[in-house]
Amino acid sequence: MAEQSGRKVVVLSKATTEQYSNIKNCMPTTFSSTIPIVDLSKPDAKTLIVKACEEFGFFKVINHGVPMEVISELESEAFKFFSLPLNEKEIVGPPNPFGYGNKKIGRNGDIGCVEYLLLSTSQEHNLSLYGKNPEKFRCLLNNYMSSIRKMACEILELMAEGLKIQQKDVFSKLLIDKQSDSVFRVNHYPANSKIPVNDQSLIGFGEHTDPQIISLLRSNNTSGLQICLKDGDWISVPHDQKSFFINVGDSLQVMTNGRFHSVKHRVLTNEFKSRLSMIYFGGPPLDEKITPLPSIMKGKESLYKEFTWSEYKNFTYGTKLADNRLGHFERN
Ligand SMILES: C=C1C[C@]23C[C@@]1(O)CC[C@H]2[C@@]12CC[C@H](O)[C@@](C)(C(=O)O1)[C@H]2[C@@H]3C(=O)O
Ligand SMILES: O=C(O)CCC(=O)C(=O)O
Ligand SMILES: [Fe+2]
């Protein structure tokens with residue numbers, strides 16, 4: 001036993017650490033084959049999306065229409081950025097509100113084995129500071145973000161149709177709005193060959209839910225993402241660099257009065273391979289009221305107090321990753 005700031009820490013032998021799956025709560029025993037897959041080109045997409053959002057708050061999308069070169073060109077530019085010396089990357093930090101961050105996540109003491117770029121999808125960043133070829137980076141980012149937003153809107157419209165809501169653009173209009181408060185993030189998790197002394201040392205990005213409406217994630221061929229099922233079990237999401245993974249965010253859970261489930265997720269680092277993920281977080285305008293849609297309520301009571309996205313966001317940024325933020329806005 002070793003002593004670390006008053007806590008006993010079990011130091012594991014190499015043989016033990018090879019069985020990562022035995023580390024309490026950290027690695028699930030299997031990769032899941034239960035994650036719903038939605039083919040956007042098929043007529044049953046809307047039904048499958050609604051089912052997946054109710055059961056998991058998470059699904060994988062194929063035939064998404066985003067050209068592979070739009071993805072891989074941005075990915076290779078991002079890898080180039082992360083391979084720069086730390087002092088060159090830190091020129092565009094700290095990430096408050098936007099820029100380069102390293103290990104520190106948010107403002108309340110969360111730490112992970114990750115470095116990242118946090119960008120607004122609307123504001124002009126001083127991209128002249130980003131890497132060796134900032135013009136190229138800007139152009140690739142713009143192409144990527146507009147393709148992803150298009151896919152996000154398509155998915156949100158299928159959701160509305162699947163929920164039998166008359167107004168097809170009830171969710172998507174919030175992302176199309178010029179004031180939409182959407183965020184883009186590129187996470188880089190270097191390979192982590194450290195012998196894990198506790199759960200924390202494997203954590204790339206600690207467990208949390210995403211506060212926005214919808215998140216669209218694409219990663220390279222390194223696994224690490226895990227989602228938490230409603231029964232509390234964690235399952236690993238097999239990587240698939242050609243597909244996108246979609247999360248229901250807290251705001252969509254509220255707008256559907258709890259019918260859709262904002263999924264808890266986290267990322268564990270890989271012993272041998274680095275992971276690069278790019279995530280588009282589709283958010284509403286700051287002054288938008290986040291409240292259950294009347295067509296969903298059908299006479300039922302709202303499960304949530306009334307709040308605007310700005311109120312929720314301000315509250316969120318004062319919390320730690322693992323905190324249950326929506327709990328604060330539930331009606332008793
Ligand atoms: C610890 C935090 C980081 C975060 C803001 C927060 O206070 C709680 C939510 C976190 C999260 C998760 C999803 C997105 O990655 C993110 C950008 C967001 O909107 O909420 C992050 C925030 C962040 O990294 O600043
Ligand atoms: O990097 C990933 O794969 C997921 C990270 C994540 O959940 C987030 O940035 O909110
Ligand atoms: Fe997330």
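Predicted model: local features only at pLDDT ≥ 70, side-chain atom pairs only at ≥ 80, totals over all residues.
Visitor: What does S6 do with S7, in which sense do they pair?
Guide: S6 and S7 are paired in the antiparallel sense, again with a count of six bridges, and within that pairing Glu 115 stands opposite His 188 in S7.

Visitor: OK, so what's the strand order in the sheet they belong to?
Guide: The order is S3-S4-S12-S9-S14-S7-S6-S5, which makes an open sheet of eight strands with mixed pairing. At its edges are strand S3 (37–39) and S5, each of which pairs on one side only, and from one strand to the next the twist averages 25 degrees.

Visitor: Which strands does H2 touch?
Guide: Helix H2, residues 45–55, packs on the sheet and touches S3, S4 and strand S12 (244–248), with its direction making about 160 degrees with that of S3. H3 also packs on the sheet, where it touches S6, S7, S9 and S14, and its direction makes about 115 degrees with that of S14.

Visitor: Switching to helix against helix, at what angle do H2 and H5 cross?
Guide: The H2 and H5 axes cross at roughly 85 degrees and come within 8 Å; angles of 65 to 115 degrees count as roughly perpendicular, and the two helices are therefore described as roughly perpendicular to each other. From H2 the contact takes Ala 45, Lys 46, Thr 47, Ile 49, Val 50 and Cys 53, while from H5 it takes Ile 155, Leu 158, Met 159, Glu 161 and Gly 162. Sorted by class, the contact of H2 with H5 has seven nonpolar, two polar and two charged residues.

Visitor: And H3 with H5, what's the crossing angle there?
Guide: Helix H3 (residues 68–82) and helix H5 (residues 134–162) have axes that come within 9 Å and cross at roughly 140 degrees, and H3 and H5 are therefore oblique to each other. The crossing in which H3 passes H5 is left-handed.

Visitor: Which residues of H3 meet H5?
Guide: Val 70, Glu 73, Leu 74 and Glu 77 of H3 meet a set in H5 made up of Lys 136, Phe 137, Leu 140, Leu 141, Asn 143, Tyr 144 and Ser 147. The contact of H3 with H5 divides into six nonpolar, two polar and three charged residues.

Visitor: Now the ligands; how many residues surround ligand 1?
Guide: Ligand 1 is surrounded by 16 residues, of which the closest are Gly 106, Asp 110, Asp 210, Tyr 317 and Leu 321. Two elements give two or more residues to that shell, namely strand S6 (110–120) and strand S7 (183–189). Seven residues of the shell around ligand 1 are nonpolar, five are polar and four are charged.

Visitor: Which residues surround ligand 2?
Guide: Around ligand 2 are Arg 185, Asn 187, Phe 205, Asp 210, Leu 217, Ser 219, Leu 225, His 265, Val 267, Ser 277 and Ile 279. The elements giving two or more residues to this shell are S7, strand S9 (214–219), strand S13 (265–268) and strand S14 (275–282), and by class the shell has five nonpolar, four polar and two charged residues.

Visitor: S13 is new to me; in what order do the strands of its sheet come?
Guide: S13 belongs to an open sheet of four strands in the order S8-S13-S10-S11, with antiparallel pairing. Strand S8 (203–208) and strand S11 (234–236) stand at the edges with a single partner strand each, so one side of each has no neighbour in the sheet.

Visitor: Last one: what is the bridge partner of Cys 228 in S11?
Guide: Cys 228 has Trp 234 as its partner, in a pairing where strand S10 (residues 225–228) and S11 are antiparallel and share three bridges.

Methods:
Residues numbered from 1 in each chain as written. Chains lettered and ligands numbered in written order. Near = placed C-beta within 6 Å. Nonpolar A, V, L, I, M, F, W, Y, C, P; charged D, E, K, R; others polar. Axes fitted to C-alpha atoms, helices over the stretch in contact; angles between N-to-C directions. Parallel < 35°, antiparallel > 145°, perpendicular 65-115°, else oblique. Left-handed = near helix turned anticlockwise from the far one by under 90°. Contact = placed C-beta atoms within 7 Å. Pairing = 2+ DSSP bridges.
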